[in-house]
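Here are some exercises to work through with the model open on your screen. Try each one before you read its solution.

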Amino acid sequence: MKKVKKVLKFIWASIMMIIANIINLFFEKKRKKIWLIAEQRNMARDNGIAFYHYCKENTNHEVYYLINKKSSDYKGIKYKDNVIQYGSLKHYRYYLKASILITCFEGTTCPSYLLEKILQKYKILKAKQVFLQHGIIKDYIEELTYLNYKPDLFITSTKPEYEYIAHHYGHPKGVVQLTGLARYDHLVNLSNHNKVKILIMPTWRRWVTNNFETTEFYKNYIDLMKRIQEKYNSQYTILFYLHSNFQKYSCYFQKFKNIKILMANDYKVDQLLKESNLLITDYSSVAFDFAYLCKPIIYFQFDYEKIRKQHYQEGYFNYQNNGFGPIVFQARDVVKEIEKCEDNKFNNSEQYINRINQTFTFKDNHNCERILKKIEEIEGEKYKC
């Protein structure tokens, strides 16, 4: 059934693309310098929307944002006159005539991922492609190597990340650039030490597809939440936010009265990070965002070997040598580390502050400005005589 749906979606997208192309040929004599930005169909909470707002407020470029207008994120977008309904005929038309396609996730500016791959393969798609990224890459992600993904501009945020991707992902010289993430321009510490919030935010696992209650993931986090509730009861605000790929399993954790189970439609990750005093995670790159704010982190890594074999291979980032907080393997040890954070009044230790300062090249709130210059450079290459 899923295959049938994919085929039908591809056929529909192809028909829409043909109609859009005919309309463009009839009404448009030449390609315009249009910039099209997208995160995901229903999403406006990442680097894409941060960069869109920056462009509208600081440039004269003709910039548009793609989203499903029924999404809960739509209401938070400024400059709605330049927002295009995802999947509409206008979306297809502007996709075909854009000079720059900008995204945080591969293949989301086109309504059909498969169709975009075909357009790229046969060099029908002429627009330059910019990969803003969703987070900071620390592992070897094969899908983002040049063999599988060919953007014209690949944004990175730290010097180790830049050097690793530039030398190991195979992209042509000049494609990978060090600018900082767009959303970091607005990432500020809003935590309150008088109202402590502990945020638990693990990543997903590729191998977990069913029988969730029998998984090592479920058992370890249930154990952790029991221990935290017993120890702290209602002393602190405890927040539990599952990765988007695991949000469907949130119902399995609803049994704890004093732990808030957060749903993606109701909360934005950046706001949670700003307001929380402590982050408990595992391998998620969200730790970089929290570290950027110099706040304490605990890594709960009960399945490290399995992650490396079945999820992502280790890249340049080693948790023992480069991590921004202590690493523990059992739920009881997580609680012990929380106690240490309490003793330190939820301030970070000098050891991890030093690592953070050595990691981030930019902390000047000018990331969008640097990204803009790099995009203007590649567009200039396209249009120069």
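**Exercise 1.** What is the order of the strands in the open sheet of seven strands, and what pairing does it have?

*Solution.* Before starting, note that this is a predicted model, where local features need pLDDT of at least 70, side-chain atom pairs count only at pLDDT 80 or more, and totals for chains, interfaces and linings use all residues. Residues are numbered from 1 along each chain as its sequence is written, and side-chain values use heavy atoms, with hydrogens and water left out.

- Step 1: Read off the order, 3-2-1-4-5-7-8, with parallel pairing. Strands here are DSSP runs (E, at least two residues), as are helices (H or I, at least four), numbered from the N terminus; two strands pair if DSSP finds at least two bridges between them.
- Step 2: Find the edges. Strand 3 (83-85) and strand 8 (176-178) each pair on one side only.
- Step 3: Zoom in on one pair. Strand 4 (residues 100-103) and strand 5 (residues 128-131) run parallel, joined by four bridges, and I102 sits opposite V130 of strand 5.

**Exercise 2.** Which residues touch the most other members of the largest nonpolar core?

*Solution.* 

- Step 1: Settle the term: a nonpolar core is a set of buried Ala, Val, Leu, Ile, Met, Phe, Trp, Tyr and Cys residues joined through side-chain atoms within 4.5 Å. Buried means under 20% relative accessible area, exposed over 50%, partly exposed in between (1.4 Å probe, protein chains only).
- Step 2: Of its 36 residues, pick out Y221, I228, F240, F253, I280, F300 and I338.
- Step 3: Trace the suppliers. Among the elements giving at least two residues each are strand 10 (237-241) and helix 11 (331-343), while helix 6 gives the largest share, eight residues.
- Step 4: Look around F240. Its contacts include Y221, M225, F253 and I261, leaving out residues up to four places away in sequence.

**Exercise 3.** Which residues of helix 12 (residues 350-359) are buried?

*Solution.* 

- Step 1: They are Y352, R355, I356 and T359.
- Step 2: Viewed down the axis of helix 12, these fall within an arc of 100° (taken from the directions from the axis to the C-beta atoms), so they line one face.
- Step 3: E350 and Q358, on the other side of helix 12, are exposed.
- Step 4: The buried residues pack against helix 5 (159-168), helix 8 (286-292) and helix 10 (319-322).

**Exercise 4.** Is F346 buried or exposed?

*Solution.* 

- Step 1: Find F346 in the loop between helix 11 and helix 12.
- Step 2: At 7% relative accessibility, F346 is buried.
- Step 3: Check the backbone: phi of F346 is positive, about 60°, although F346 is not a glycine.

Methods. Contact means heavy atoms within 4.5 Å.
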